[in-house]
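User: I would like a close look at one part of this model. Please keep it short and plain.

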Amino acid sequence: MQPRLEIDDTIAAIASTRGGLRGIVRLSGPAVAKCLLDCTDVGDDVTQEQGARRSCGHVSAGPRFGRLPCDVYFWPGGKSYTKQPSAEIHMQGSSPLLAAVLEHVCRSGARLAGPGEFTLRAFLAGRLDLTQAEAVLGVIDADTQGELDLALQQLAGGLAGPLQQIRETLLNLLADLEAGLDFVEEDIQFVSIDTLVEEIDRCLSIADQLVEQIRQRTDRRSVVRAVFVGPGNAGKSSLFNRLSESQEAIVADLAGTTRDYVTITVQWDEVAVELVDTAGIVSSTDGIAAEASARRESAVANADIRIVCRPADGLAEQHQSSETDVPAIGRGTIHVITKCDRRPDRLPIPGQQGSIITSSKTGQGVDELRAEILSMAGKQVRAPIMAGTAVRCAESLHQTGTALRHAREACQDQLGEEIVAVELREALHGLATIVGAVYTDDILDRLFSRFCIGK
Ligand SMILES: Nc1nc2c(ncn2[C@@H]2O[C@H](COP(=O)(O)OP(=O)(O)OP(=O)(O)O)[C@@H](O)[C@H]2O)c(=O)[nH]1
Ligand SMILES: [Mg+2]
């Protein structure tokens with residue numbers, strides 16, 4: 001489906017995830033004020049405001065569900081993500097209720113938004129460049145802290161800043177060159193050859209740094225780091241050894257056996273996974289325990305996947321005081337119950353739902369755990385997130401770099417300012433493609449069709 005490039009109608013979509021407590025209907029476009037007036041009782045003073053505004057009121061969900069309490073957020077044009085009048089209706093997260101409100105909003109003058117259409121409008125309004133639009137997708141898609149950090153860095157303009165710097169320098173040089181061409185009869189020069197070469201070299205060095213940065217970012221994904229974390233004596237080191245088919249980690253029936261962290265890299269189905277065993281979470285506060293805890297936290301913070309271990313047996317349950325609780329860790333987490341052979345009664349283990357049940361003694365669940373790590377790792381290795389940006393940027397930066405090198409040669413060989421100007425324009429074209437100042441429907445289509453509706 002081709003992305004819709006017209007922006008003068010009003011779009012609406014459910015912007016919250018399914019099953020959440022809070023539901024959001026998002027709107028953007030010139031008819032937002034009318035839709036709010038028709039569907040809610042917050043009154044038109046909300047939409048008269050110069051700044052963003054939140055109001056409590058009710059939204060009508062049609063004859064079947066009646067009026068429901070809601071919060072309405074309104075952003076006037078220029079102040080919103082899309083730079084158009086925009087609003088969000090925050091209400092109860094039930095899907096039928098949200099669908100009913102969306103239907104009412106559409107009857108009041110909005111139409112259903114396509115995938116990524118809000119971000120597409122933000123891009124078309126100049127709010128984001130293409131690398132940042134891709135980063136929005138990256139944030140939505142991120143499964144692990146590592147992916148999220150990467151996407152956020154890109155969203156914050158990690159690439160946009162240096163690209164903009166090269167673009168401005170080249171535009172200034174081009175303006176000077178073109179001004180010089182107008183006065184060629186009078187032999188007036190607006191920029192010297194030395195300055196030209198110096199500035200071109202500066203741009204080339206930024207472009208080369210960017211290429212290197214992109215290469216490193218792509219490389220970073222080739223090894224996935226999976227960290228074992230959990231209370232002392234939970235059986236982390238035993239599982240680590242079993243999974244890596246090694247005896248790297250020391251195992252003993254004593255909480256606090258592992259003090260430092262132990263790593264081993266395994267190669268599973270062409271995926272390199274670095275397994276990291278960490279010191280158990282214990283209540284002791286001696287100096288070594290504090291250091292062990294700091295090292296564990298750093299390993300966990302740098303992990304792509306966290307394997308949270310909880311022992312099935314009563315012995316270790318005693319160790320689980322609030323001080324040794326594993327902190328709640330969200331995405332990229334695998335929950336594992338260890339030592340399940342110690343519960344021969346086969347009684348359900350409290351909190352076992354959603355966990356992989358394992359025993360390092362019998363080998364139960366070890367294959368399942370490996371498959372789960374691989375599945376998460378595979379998503380990261382193959383994840384199109386940021387990789388799309390990398391390929392697009394690398395191609396265009398190559399075009400820019402080649403043109404800049406030609407421009408420098410043209411300066412040094414004194415081929416004339418016209419030739420230099422042509423090369424600088426070529427370099428600018430490469431940059432413009434990266435940030436989307438020049439774009440084709442095909443690029444937009446490929447990018448925005450990967451978004452979900454509502455973003
Ligand atoms: N029966 C049984 N015992 C296990 C299992 N896994 C570990 N153990 C025993 O539990 C004790 C603790 O195991 P470790 O692997 O050292 O535990 P840990 O989580 O690394 O402990 P710390 O390094 O102190 O945090 C050892 O005596 C192991 O032999 C298991 O699956 N079944
Ligand atoms: Mg250990």
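How many residues surround ligand 1, and which are the closest?

Analyst: This is a predicted model, where local features need pLDDT of at least 70 and side-chain atom pairs count only at pLDDT 80 or more, while totals for chains, interfaces and linings use all residues. Residues are numbered from 1 along each chain as its sequence is written, chains are lettered from A and ligands numbered from 1 in the order in which they are written, and side-chain values use heavy atoms, with hydrogens and water left out.

Ligand 1 is surrounded by 22 residues (each has a heavy atom within 4 Å of it). The closest are Lys236, Ser237, Ser238, Gly256 and Asp341. By type, the shell holds five nonpolar, 11 polar and six charged residues. Here Ala, Val, Leu, Ile, Met, Phe, Trp, Tyr, Cys and Pro count as nonpolar, Asp, Glu, Lys and Arg as charged, and the others, Gly among them, as polar.

Now the polar contacts (pairs of N or O atoms within 3.5 Å). Lysine 236 has a polar side-chain atom 2.7 Å from an oxygen atom of ligand 1. For serine 359, a polar side-chain atom lies 3.5 Å from an oxygen atom of the ligand. Serine 360 uses its backbone: a polar atom there is 2.8 Å from an oxygen atom of ligand 1.

How much of the ligand is covered? Alone, ligand 1 exposes 640 Å², and the protein buries 90% of that (Shrake-Rupley method, 1.4 Å probe).

How values were computed:
Polar contact = N/O pair within 3.5 Å; in protein donor to acceptor, adjacent residues only side chain to side chain.
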